[in-house]
Amino acid sequence: MKVTVNKSCIIRPATPTTKCVLQLTEFDQVSGLLPYVPGIVFYRPQGSWHVDVFTTLTNSLRKALVYFYPVAGRLRRLEGGRLEVDCNDEGVLFTQVESLDDMKVLGDFTQASEFHQHLIPRVDNSAAVEDLPLLFVQLTEFRCGGFSLGFALSHAVFDGHSWVHFLWEWARLARGKPIMAPPFLDRKIFRAGEPPVSTTVHHGGVQNPHFTPPPLLIGETNCEKQRKKATSTAMLHISNSQIETLRKAANNKIPPEKPKFSLYETLAAHIWRCACRARRHVRNQPTRLGVCVDIRNRMNLPRNFFGNAIIDVIAESFSGEVTIKPLSFAVSKIRKAINSVTEDYVNSSFDYLKSLEDFSPIEEFYGNSSGNGPFYGNPNISVTSWLSLPMGGFDFGWGPEVFISPGGFDSDGDTLIMPGSGGDGAMVFICLQEEFMEDFKKYFYEGIQNEDMVISKTEDVVIQESRLCT
């Protein structure tokens with residue numbers, strides 16, 4: 001695919017906003033050390049429509065930035081390595097790009113990852129944070145009239161929920177409707193800028209596995225060999241009936257009075273098992289699964305809180321246990337990790353991060369300056385969920401999107417689960433080392449078939465026993 005840049009411009013708020021400094025929470029600080037997060041939304045042409053897409057999007061974006069004014073600001077580095085947002089209305093970068101291809105080259109979008117590099121704005125991550133917009137937008141218009149919106153978002157101000165919130169309100173303004181839920185921007189709800197409540201740290205700090213290096217492959221002393229291996233990506237669809245099969249297997253022995261395992265817990269466990277099998281681990285290989293937990297409900301945050309309200313936790317085991325034991329074993333490990341995120345856990349993690357006079361050790365851990373942050377590739381994996389996000393329906397005036405993609409997934413072990421189109425099951429986006437991808441796909445679907453066979457045999461036995469009883 002070849003694309004040509006037509007124009008690139010800075011979009012500022014439609015009216016001047018209050019010049020101020022937004023103090024970031026500790027979770028904003030940690031997320032701000034990560035690379036910009038990509039995303040793509042696709043729209044098909046709507047018959048013989050005649051819409052100036054560029055003008056519609058940029059004019060409504062100016063209006064949206066009046067409410068979401070920190071997005072138009074710039075990060076500013078403080079002493080000790082921390083960050084804050086200078087709300088200075090310097091704006092976001094909007095680029096209009098033209099492709100000579102029809103949208104049909106993308107097929108059903110599930111196998112279009114090779115084109116993503118052309119559809120996502122490029123960010124110079126080596127530049128000083130003070131010089132970079134917090135949001136990059138790329139409008140790519142195809143010859144057929146369809147187009148895509150590509151995004152690169154600073155994780156210092158956006159998490160997944162905040163991105164969806166921003167898109168919803170931007171789309172409403174583009175349709176001439178008033179904003180529905182103005183963003184709640186006050187970070188004092190997370191004690192931003194305040195000292196730690198206690199110097200006694202539990203759950204957080206080095207005792208929190210998230211702040212310790214992930215396990216390595218047995219026999220290796222560092223992750224450099226694995227980090228350098230070529231990777232490939234895949235988008236796998238799992239139907240509602242296949243999901244039901246996995247959920248039956250996961251919940252097979254749970255007493256009726258106990259809560260059933262969730263869709264995310266079940267799918268993440270299945271992905272973990274398949275990755276361990278595809279990677280051909282020995283049984284005593286330590287392995288981790290990283291889980292990103294939304295804490296909005298746990299901390300009773302306003303529904304329109306705008307910022308990072310996520311915390312990472314770890315499920316740990318050995319590959320032999322994950323692959324040989326029933327699916328419920330791996331699911332229960334994930335459930336235990338998620339349930340550990342209590343209000344006390346969150347507050348203690350905040351206090352640990354607040355107690356650091358120098359944030360550079362955290363920056364080094366995440367590899368922002370060295371490029372050698374924690375490696376959640378082989379033998380580990382991280383599984384992020386968009387299942388609970390109100391995805392879809394981003395109608396800017398020409399109808400809803402036809403597909404949403406997370407964009408670039410280029411690090412071994414990165415995985416995302418999101419709802420399938422039209423409520424049809426779920427989509428799994430995964431990046432693995434090339435040598436293991438085909439086996440992963442094989443085990444992903446064979447594993448579901450095997451669970452289905454076990455369930456069918458169990459149900460046959462139950463039916464036969466019931467007949468004998470009668």
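## Aromatic residues in the interior

F68 is a buried residue, with a relative accessible area of 1%. The structure described here is a predicted model. F166 also counts as buried, since its relative accessibility is 0%.

F68 and F166 form an aromatic pair. Their ring centres are 5.1 Å apart and the planes make an angle of 85 degrees, an edge-to-face arrangement. F68 belongs to the loop between α2 (53-67) and β4 (74-77), whereas F166 is part of helix α4 (residues 160-174), so the pair ties together parts that are 98 residues apart in sequence.

F147 and W398 are both buried.

## The aromatic cluster

Across the whole structure, a search finds 25 aromatic pairs. One aromatic cluster is formed by Y43, F68, F147, F151, F158, W163, F166, W170, F306, W386, F396 and W398. The members of both pairs described above, F68 with F166 and F147 with W398, are included in this cluster.

## Packing of helices α7 and α9

Two packed helices are described by the angle between their axes and the distance between the axes. Helix α7 (residues 263-278) and helix α9 (residues 327-339) have axes that come within 8 Å and cross at roughly 120 degrees. The crossing of α7 past α9 is right-handed.

On the α7 side, the contact involves Y264, E265, T266, A268, A269, H270, W272 and R273. These residues meet L327, A330, V331, K333, I334, R335 and I338 of α9. Sorted by class, the contact comprises 9 nonpolar, 2 polar and 4 charged residues.

## The surroundings of T25

T25 is found in the loop between β2 (20-23) and α1 (26-31). With a relative accessibility of 0%, T25 counts as buried. When neighbours within four places in sequence are left aside, the contacts of T25 are R187, F190, A192, N308 and F350.

Conventions
Residues numbered from 1 in each chain as written. Predicted model: local features only at pLDDT ≥ 70, side-chain atom pairs only at ≥ 80, totals over all residues. Heavy atoms only, no water. Axes fitted to C-alpha atoms, helices over the stretch in contact; angles between N-to-C directions. Helix = DSSP H or I, 4+ residues; strand = E, 2+ residues; numbered from the N terminus. Left-handed = near helix turned anticlockwise from the far one by under 90°. Contact = heavy atoms within 4.5 Å. Nonpolar A, V, L, I, M, F, W, Y, C, P; charged D, E, K, R; others polar. Phe/Tyr/Trp six-rings, centres within 6.5 Å; stacked < 30°, edge-to-face > 60°. Buried < 20%, exposed > 50% of the residue type's maximum accessible area, 1.4 Å probe, protein only.
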